[in-house]
Amino acid sequence: MLRLARLARAQATASPSTKAFSTTSVTMKKAAPSTPARKTKIAFKVLREQTKTKKPGMTHLEFKDAVGALGFEKMAADLSALELNKLSFEHLAALKAQVTRYDAKVEPKLKTLGSFKKLQHHELFQNPVSLVSENTLRLAQELIAKLDSTASKDNRICLVGPNGVGKSTLLTQAKALALAQHEDVVLLHIDNGVNLVNGSSDYIFNQKSGKYQQPMLTKRWIYKLRQVNEEVFKKMKLTRDISFQSNRVDYNLKKNVNTVYELLLHNHDFGKFAPTSAFAFFVDELVAHSKNFPVLFSIDNFNGITDYSQTKYHHPDFSHIHLSEFEMGDFVLKVTGGALSFAKGGVLLAKTSDFGQHRSTLDVALGIEEYDPYSKKKFLDVEVANTLKQNGSIKPFEVKTWTKDESKELLKFYQDAGVLFVNDYKTKESNQTAKEILEEKAAVRAGKLEQHEFDPVRHFDRIVNNQYTISGGNPAHLLKASAFIF
Amino acid sequence: MAVHIFGKHVKHNSLVSHGLKKAIFGIGYHTAERICAKVGLYPQMRMNQLSEPQIMDLNKEVSEMMVEGQLKQKINNDIQLKRDTGSYAGYRHANSLPVRGQGTRSNGQTAKRLNKIPRYKI
C-alpha cells in the first residue's frame, strides 16, 4: 500500500499536464470588470400583502392553564335549548338534583370575584352551571337563611372535605343564593387565601396602626369589591366625614351625603405605597352599615392563610412577619375569629387539600384534630387556632359526595349538552358480562332482538354505573371520567 | 433588557433575590433574601419592578458587603498564606489536588480544574 502511494505521488509530480490545485486568493479572485456595469431594471416589483408569521402553537401554556385561557366557552354549545332553571333561594328545594344556571346579573359578579376556577372546567359550556345537591340545601339552611337575622360571629362555617368534592362550587352557590335572597347583601370574597401570605404583594409598615399594609393586594381586592357591590355601596351613606387627595384633587366627602361607593371610587390611598388609614375607614363603614346591609365574608383556600401564618414576608431583621401583623391578615383573623362582627351576616370559609396534611392549625381550630403540644410551631400555630376558636368556634361543614341520582342527573345533562364521552357501544363482547352475552345470543336466536341493536337507555345506565363507580360520587372525578379523553 | 445592580447586568424579568444571587459573586440565595428584606422588597418582586431609589438602596447594601473583587482577593490571600506557611493544604492547592482529604483515584477533577494559585484572576 505504501509503495502504491509513493508511485502515485511520483507520477503526479512527473506528468506535465496535471496542475496542482491551489486555493490562494490570486487564483480564486474574480476578474474585475473593465467598465462599471449599468443598473438595469429587470422587472416591476410585485407588492405582496404582508402576512403575520404564524406562531407554532396555539399557546405556550400547559393543558390545565390553556383550556381556561383559550376561551373555549365561546365555541361551546349553547345551553338555552336545555332550558336550565335559575339558581334561586326560594325554589331551592324544588331544584334538588338539578343542574342550574346562575342569574344573568349574578354571573358577572361571581366571575369578577374569581369564583369560577380553572380546574372546574367551566369552558365546557357557554355559561357556568352547577348542580344543586344535598350539600347546597343544607348550607342554605345553616348559613344563608340566617344572614338576615344573625351576627356574623355566630354564623361561621368552614367547608371541609376531600379534594374535588365541590367545596369551591358550594362557596360560589352560597354567594349566588345570598344575592338571590337579599338584594342588599355585601359580598366580601377572597378567592385564594394564600395570596395574603405568599409574598406576592408589596408591603409597607404603618407606624400609626402598627401593622404592615399590602397596597397592591388591598387595591385589587377593593377594586373587585367595588365592581361587585356597586349597587349596595351606592345605598350606603358615609357615617363620618373624610378628606383625602387623589390625582391632585382634594375630596371632602360628607357624612349622610356621600356614599361608600364614592369613597372607593375616588380614594386611591388603598393602593398607595405609603401609610394610610383608608382600609380601616372602609371596614368601619361596613360594620356601621351591617345592621341594614348583611355582609357575607367568604374565603376560599382558607387553610392557605392559617397554616402559613408565618408569612413569606420578612422584617428588616429577616425574621418572618406573622399573619396578624398585616392589616389584611389581622382583619381576616378578627372576622373569622368573631372579634370583629357584622351585626347581620355570616362567615363562610373553605378548606383546600392542596397543602400539606401535616399542617394542622385549621383542623385544630375546627376541632377535627386534637391539639398536640409537641407539634412544631411551623405546623401548628396555637395563637391562630385559639383566635379562631373564640366566640363559640367555627362550625365544620362536611361536604358529602354525591348520590347516584345526583351523579346521574349531571351525566344526563352532559349527554344533552354533548360533552359526555361515550365509548363504543358494547357490541364488543369484551364490554359485556358472560351472562349478558348468553342472554343476548339467546334473544337473537329467539328472534326477540336484532343483532347488535342499540338500546340508548340501557347504554346510558351502564355509563352512569361505570362512572359512579369510578368517581365514588366525587364531582371532580366524575367530570374527569365522563368528559375527558386520555 | 437588563437592570444594572452594582455594575452588573441582571435579567429584567428575574426575581430580585434570584437576580442578585446569579449576578454578584459572594451573594447566595439566603444573603439575597436578607438584602431584599432589609431594603423592604417583597419576596416575589421582579427586577423590572424596581424603582430608582430601590436600586440605589440595593447598590448601597451590596457595596457594604465583601463581594466580587474584594472577596476574590481575600480568598486568594488566604490560599497564598497557606502556601507561604508551607502547610499541607497550601501544597494541595498549589498542586491542583483536593484539599480536604478526598481521594484522587477516580475523582478530584473539580480540584484539578479550580485549585491553583492564584485561584481567581482579578
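This is a predicted model: local features need pLDDT of at least 70, side-chain atom pairs count only at pLDDT 80 or more; totals for chains, interfaces and linings use all residues.
**Helices 12 and 14, chain A**

I started with who touches whom here: A:Leu333, A:Thr336 and A:Gly337 come from helix 12 of chain A, and they meet A:Val384, A:Thr387 and A:Leu388 of helix 14 of chain A. I sorted the residues of this contact by class and got three nonpolar, three polar and no charged.

Next I looked up the geometry. Helix 12 covers residues 327-337 of chain A and helix 14 covers residues 382-389 of chain A. Their axes lie 7 Å apart, and the packing angle is about 45°. I wrote the pair down as oblique, because an angle has to be under 35 degrees to count as roughly parallel and 65 to 115 to count as roughly perpendicular.

**Helices 17 and 18, chain A**

I then went to helix 17 (residues 456-471) and helix 18 (residues 475-483) of chain A. I read off an angle of about 135° and an axis separation of 8 Å. I noted the crossing of helix 17 of chain A and helix 18 of chain A as right-handed.

For the contact, helix 17 of chain A brings A:Gln467, A:Tyr468, A:Ile470 and A:Ser471. Helix 18 of chain A answers with A:His477, A:Leu478, A:Ala481 and A:Ser482.

**Chain A against chain B**

How many residues does each chain put into the contact? I find 14 residues from chain A and ten residues from chain B. The two chains bury about 920 Å² between them, and carbon and sulfur atoms give 63% of that. On the chain A side, I listed A:Tyr203, A:Pro316 and A:Phe318 as losing the most area to chain B; together they make up 49% of what that side buries. I also looked for salt bridges across the interface of chain A and chain B, and the rule finds zero.

**Salt bridges**

Over all chains, I get a count of 20 salt bridges. I picked out one of them: the side chains of A:Lys86 and A:Asp103 meet at 3.0 Å, N to O. A:Lys86 sits in strand 1 (residues 85-86) of chain A. A:Asp103 is in the loop between strand 2 (99-101) and helix 4 (106-112) of chain A, so I have this down as a pair linking distant parts of the chain, 17 residues apart.

Which peptide bond did I note as cis? The one from B:Ile117 to B:Pro118, with omega near 0°. I placed B:Pro118 in the segment after helix 6 (109-114) of chain B.

Last entry: A:Asn247 has a phi near 50°, a positive value in a residue other than glycine. I located A:Asn247 in the loop between strand 8 (242-246) and strand 9 (249-253) of chain A.

Terms used:
Residues are numbered from 1 along each chain as its sequence is written. Chains are lettered from A and ligands numbered from 1 in the order in which they are written. Side-chain values use heavy atoms; hydrogens and water are left out. Axes are lines fitted to C-alpha atoms, for helices over the stretch in contact, and angles run from 0 to 180 degrees between N-to-C directions. Helices (H or I, at least four residues) and strands (E, at least two) are DSSP runs, numbered from the N terminus. A crossing is left-handed if the near helix is turned anticlockwise from the far one by less than a right angle, and right-handed if clockwise. Contact means heavy atoms within 4.5 Å. Buried area is the accessible area (1.4 Å probe) that two parts lose on being put together, summed over both. A salt bridge is a side-chain nitrogen of Lys or Arg within 4 Å of a carboxyl oxygen of Asp or Glu. Angles under 35 degrees count as roughly parallel, over 145 as roughly antiparallel, 65 to 115 as roughly perpendicular and the rest as oblique. Ala, Val, Leu, Ile, Met, Phe, Trp, Tyr, Cys and Pro count as nonpolar, Asp, Glu, Lys and Arg as charged, and the others, Gly among them, as polar.
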